Amino acid sequence: MRWRGTPDLHRFLRRLPLALLAAVVLWALAKPAYGHVLATVTQALARATENPRAAVVRVDGNYAMIGRTDFRAGSGWLKTSLIQIHYNLIPFLALVLALPGPFGGRGWRRLALALAVMVLAHVLGLLWQLKCFYAFDMGPWSEANYSAVARNVYGTLRYFWDLPVTFTLPLLLWLGFFADRAMPLVGLDGTTTPRRT
Amino acid sequence: MSAHDDTLARCRRGDRGVDGVVTGGNNRSVEKLKAFLATPAGSFLLRYVVILVVGFGVLAAKPVNDHVVEPYTTFVAHEARIVLNVFGEGATVVGQTLRSPRFAVVIYNGCNGLEAMLIFVCGVLAFPSPWRRKLLGIALGFLAIQVVNILRVVSLFYVGVLKPEWFSTAHVFVWQSVIILFGVLLWLLWVQRYAMARHA
C-alpha cells in the first residue's frame, strides 16, 4: 500500500511552511495594537459586570497587568502573558493561508468571521484570568466577594480556555469556516450547494 | 402577491429591508448551518467537537488528572531526562521538574503533549473509517507526538541553558504553534495514508 496524497493536500503541505512564516509576520505586526485592544475590551467587560467599577487591565510589553483601582497602588497586581492568550492566531492563519485559494468565494468574509470568533475567545480568555485572580488571589477580599461556586466556575472556565479552547480553536475554525476548501483535503464534501464547474 | 405574502417571501430569502434590518437572516443562517451539518464534512465536524468536549472533560476530572495526567507528565519528564543524560547533562526528575546542574524546567499540563494527542485522536475517532485503521492511527500518532514532545522539552531545556531570555518566546509561540500544527498535519496524513487508502 503506497501513499498517494491528493494534489490539493500536496499543494497544501508545500505551502504550509511559507504560510507559517507569513502568519508569524502578520501576528508579530498586529501584536502590539492587538494587546491594547484585548486589554481595553476586557477591562470594559469586567467593569460592566461589577460594582464598583474598579477593574484595571493595562498592557506592559507582552504582558497584561491586572489589578484594581480600589486597592493600594503597588498591591494586588497579576502579570499574565498576552502571547499565551493569542498565539493561536499563528497556527490558524498558517492553516488558512496554506489552503488553495483561501480568499476566493467570500474567503475574506469567512476569515473576518473566524477572526471575530477568535477575538471573542481571546477577550474571554483574559477575562477568566482576571476573574480567577480576583476570586483566588486577593486574600480576604476574594473570600468576601466570590463564593465557592463562583471560584469553581471561574477556575473551570480558565482551565477550558487555557488548554482545550486555545489548542483546538485554530483547527475548529479552519474546518468550520473554510470547510469547502479544507474538507476536500481529507476527502469529505463540505459544500451545501452544487459546485459550479 | 399581497403585502403579507411579499414579507413572508422576503423573510424566507433573508432579504434586508429599507432600514437595513435583516428580515429572516437568522432563519437563513440556521438553515445553512443545518444543511452544512447534514453534509459528510458537517457531521464529521459535529462528531469531532462532541468527542473533543468529552475528551477534555475527562482529562479535567480530578481522579483522571491525579491518576493519569500527572503520572503521564512525570513519565514525559523521565523520557526527557534519559535523552538529556545521553548528552551528559546529569539530569534528574523530581515530580514533574526536570533538573540538571545547568537549568531546570517544570513540565505542566499543556506541555506534556496530551493536548496535541487529543486534537489528533479526536480527529481519528470522528473520521469515518474502520476501527482497525483508527486504532493503528492512534498508536502511531501517540508515538509520533511523543517523539515531537520530547524534542520540544529537550530543545526548551537547551534554550534555557543557552539563551534563557528566549525561553518564554520559544516555549509559547514557537513550540505551542508547532505542536498544534503537528497534531493537524498528523491527522491529515493519517486520513490520506490509512483512512482513505481503501479508495486507492
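This is a predicted model: local features need pLDDT of at least 70, side-chain atom pairs count only at pLDDT 80 or more; totals for chains, interfaces and linings use all residues.
Residues are numbered from 1 along each chain as its sequence is written, chains are lettered from A and ligands numbered from 1 in written order, and side-chain values use heavy atoms, leaving out hydrogens and water.

By salt bridge I mean a side-chain nitrogen of Lys or Arg within 4 Å of a carboxyl oxygen of Asp or Glu. Over all chains, the structure holds seven of them.

Let's begin in chain A. A:E50 pairs with A:R68, with 3.0 Å between the closest N and O atoms. A:E50 sits in the loop between α1 (7-48) and β1 (55-60), while A:R68 belongs to strand β2 (residues 63-68), so the bridge ties together parts 18 residues apart in sequence. Helices (H or I, at least four residues) and strands (E, at least two) here are DSSP runs, numbered from the N terminus. Both A:E50 and A:R68 are buried, meaning under 20% relative accessible area, where exposed is over 50% and partly exposed in between (1.4 Å probe, protein chains only).

Now chain B. B:E89 and B:R102 form a salt bridge, the closest N and O atoms being 2.8 Å apart. B:E89 is buried at 9%, whereas B:R102 is partly exposed at 48%.

Finally, B:K163 bridges to B:E165 at 3.9 Å between the closest N and O atoms. B:K163 is partly exposed at 36%, and B:E165 is exposed at 54%.
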